[in-house]
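Q: I'd like a close look at a single part of this one. Could you pick a spot and walk me through its surroundings?

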Amino acid sequence: MANPLSNRALPLSGPATDIAPITPDDVNDLPDIAMALYVETGGAISVVTARGQTRTLAVADYAILPVAVRRVRATGTTATGLHALVLA
């Protein structure tokens, strides 16, 4: 199957090229910075943003959080079914 993205620069406003499940971790960053997060079951989510700031947010079920994230922290995260939307 032809890949329509193969000869194009990946725009930040375009589609993610992959989605990966996230296991929250207080120490290790995600393998790739997530351009957004998808949350299946809402709750609190504690993240380290791409700029290095720690933020805790309340999110609803089936939410898309359009913020670049380098880490999802285990401490303070109660939301589940977390996925990183990445440009890998």
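A: A quick definition to start with: a residue counts as buried under 20% relative accessible area, as exposed over 50%, and as partly exposed in between. Keep in mind that this is a predicted model.

Let's take D18. With a relative accessible area of 43%, D18 is partly exposed, because that value falls between the two cut-offs. D18 sits in strand 1, which covers residues 18-21. Leaving aside residues up to four places away in sequence, D18 touches A84, L85 and V86. As for A34, it is 16 residues from D18 along the sequence, and their C-alpha atoms are 9.8 Å apart.

For the setting, the protein chain has 7 strands and 0 helices, so the pattern along the sequence reads β-β-β-β-β-β-β. Among contacts between residues at least 6 apart in sequence, 69% join residues at least 24 apart. Of the 88 residues in the chain, 27% count as buried. The accessible surface comes to about 5,600 Å², and carbon and sulfur atoms account for 55% of that.

R71 belongs to strand 6, residues 69-73, and its relative accessible area is 18%, so R71 is buried. Its contacts, again without residues up to four places away in sequence, are D25, D26, V27, N28, D29, L30, S46, V47 and V48. With D26 there is also a polar pairing: a polar atom of the R71 side chain lies 3.4 Å from the backbone oxygen of D26.

How values were computed
Residues are numbered from 1 along each chain as its sequence is written. This is a predicted model: local features need pLDDT of at least 70, side-chain atom pairs count only at pLDDT 80 or more; totals for chains, interfaces and linings use all residues. Side-chain values use heavy atoms; hydrogens and water are left out. Helices (H or I, at least four residues) and strands (E, at least two) are DSSP runs, numbered from the N terminus. Buried means under 20% relative accessible area, exposed over 50%, partly exposed in between (1.4 Å probe, protein chains only). Contact means heavy atoms within 4.5 Å. Accessible areas come from the Shrake-Rupley method with a 1.4 Å probe; for residues, only the protein chains shown count as cover. A polar contact is a pair of N or O atoms within 3.5 Å; within protein, one must be able to donate a hydrogen and the other to accept it, and residues adjacent in sequence count only if both atoms are side-chain atoms.
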